[in-house]
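Have the structure open while you read.

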Amino acid sequence: MGSLVAMRLLWKPSRGLGKSIHFLLAPLSTKIGAPISHFFNGNRLNRNSEKREDKAWLSKVFHSPGAKVALFQKSDPLFTPCGTSIKWVSPRTLSPLKLDGIFKEENAKDLPLLVYLGSKGDSESFWALQLDGLQPNHGVIGEVTRDGGKFAKFRPGVFNLKSSEAAVMSQARAILDWNSKSQYCPSCGNKTGTRSNISTRSLLVAGDMGYKRICFSSDPTKQSCSQEGSPKNYMHPRTDPVTIVCVSSEDGELCLLGRKADWPKDVYSCVAGFIEPGESIEEGAAREVYEEAGVVISNVKYHSSQPWPFPGSLVVGCTSTASSLKIESFDKELEDVKWIGKDEVKQALDSKRFRSVDRSITPPPDPTPGSLILPSETSMAHQLIKHWVNS
């Protein structure tokens, strides 16, 4: 990309404060494409999206010796007995489920959801299978857990995986979760599905192996879908963009950090929030910081991004500079927000005082109670803070 060109926007808060906010909008940083690696990044699978409707090719790949399937129950994957990796299952083990029907034009609607994740070269392919709703007498679950493998909570279990495997599980979990929450058409309320053999009045359902759903509006006892026959009749996986901002003082010696009331004691993180419709990344970042801290920021720059499958977000990390140090929270979302000096943050980094804001993850004992604790190394916030200290 070329050099950064700053654009000035005038943003007026809607809270009757009588104050206009100026901030610099910088296009995405030239660092796009740089080797910044986060947990859940690094999915190296070739998704072969152009082949998701090629049933002959998919069947061939699924029945090849290198096919591996991750099993899910209630959004929770099957782990190996030690819990540090996913237990990938051969399609041969799943033969009682008669999954071959998914690749044929017969009885596919009665089969579980199978998602093609992607391939490595020509020899390995990776899949995800949702087992919910199956009859327990098929014997598959007993077979795959015979050696001690177990279905465990995706969170926190996924954080025990290597980052590369967690990245693939991020894709699998997000797609399966989206399918489970998209069972009904938002236009007419009829059932949706992914199978290619189920006709509507004018279309065939093209499920893209789990990456597309379509309204089943062919039932004569129900109203027809207002979007039938149009591209809007299809539903595609949803990704919710989140902006998270490391805000520094003008001299670079202070960082703005906050905490929510339900977070573990002494944990502080960067300001974050969902980007709203009609907002750019930079506008969303400026709005969130102003709402939660009353601080006007400028020079918003893109740092990096991270998939966050809880359930399906894309976290966009940014850096920025504050125009003043005055703090005033408007939306009261944070219990506390304050400026913290670089020395104190560096000490927390050097002492490895990190923990997740998720209380389901058991923290290590804190040898220095009352001291600043930063988000875990798997989070975007940690990497932004670390970047600020090192810069």
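## A residue to start from

Ala152 has a relative accessibility of 25%, so it counts as partly exposed; buried would be under 20% relative accessible area and exposed over 50%, with a 1.4 Å probe and protein chains only. You'll find Ala152 in the loop between β7 and α3 (154-157). Helices (H or I, at least four residues) and strands (E, at least two) are DSSP runs, numbered from the N terminus. Leaving out neighbours within four places in sequence, Ala152 is in contact (heavy atoms within 4.5 Å) with Asp76, Pro77 and Phe79. Phe79 sits 73 residues from Ala152 in sequence, yet their C-alpha atoms are 6.8 Å apart.

A word on ground rules: this is a predicted model, where local features need pLDDT of at least 70, side-chain atom pairs count only at pLDDT 80 or more, and totals for chains, interfaces and linings use all residues. Numbering runs from 1 along each chain as its sequence is written, and side-chain values use heavy atoms, with hydrogens and water left out.

## The overall picture

The protein has seven helices and 18 strands. Of its 391 residues, 49% are buried. Among contacts with a separation of 6 or more, 67% join residues 24 or more positions apart.

## Cores

A nonpolar core here is a set of buried Ala, Val, Leu, Ile, Met, Phe, Trp, Tyr and Cys residues joined through side-chain atoms within 4.5 Å. The largest one has 45 residues, and those with the most contacts inside it are Leu117, Val158, Met169, Val345 and Leu374. Elements giving two or more residues to this core include β3, β5, β6 and α4 (163-180). Apart from it lies another core, of 22 residues, including Leu71 and Trp127.

## Aromatic rings

Rings of Phe, Tyr and Trp (its six-membered ring) pair if their centres lie within 6.5 Å; planes under 30 degrees apart are stacked, over 60 edge-to-face, and the rest tilted. That rule gives 16 aromatic pairs. Two of them look like this:

| Pair | Centre to centre | Angle of planes | Type |
|---|---|---|---|
| Phe40 and Trp308 | 5.6 Å | 85° | edge-to-face |
| Trp308 and Phe310 | 5.1 Å | 70° | edge-to-face |

Phe40 lies in the loop between β2 (21-25) and α1 (55-62), while Trp308 belongs to strand β14 (residues 297-308), 268 residues away. Phe40 is buried at 2% relative accessible area, and Trp308 is buried at 18%. Phe39, Phe40, Phe154, Phe159, Trp308 and Phe310 form one aromatic cluster.

Which charged residue lies over the face of Tyr211? Arg52 does, at 3.5 Å from the ring centre. Lys342 likewise lies over the face of Trp388, at 5.0 Å from the ring centre. A charge sits over a ring if NZ of Lys or CZ of Arg is within 6 Å of the ring centre and within 35 degrees of the ring normal.
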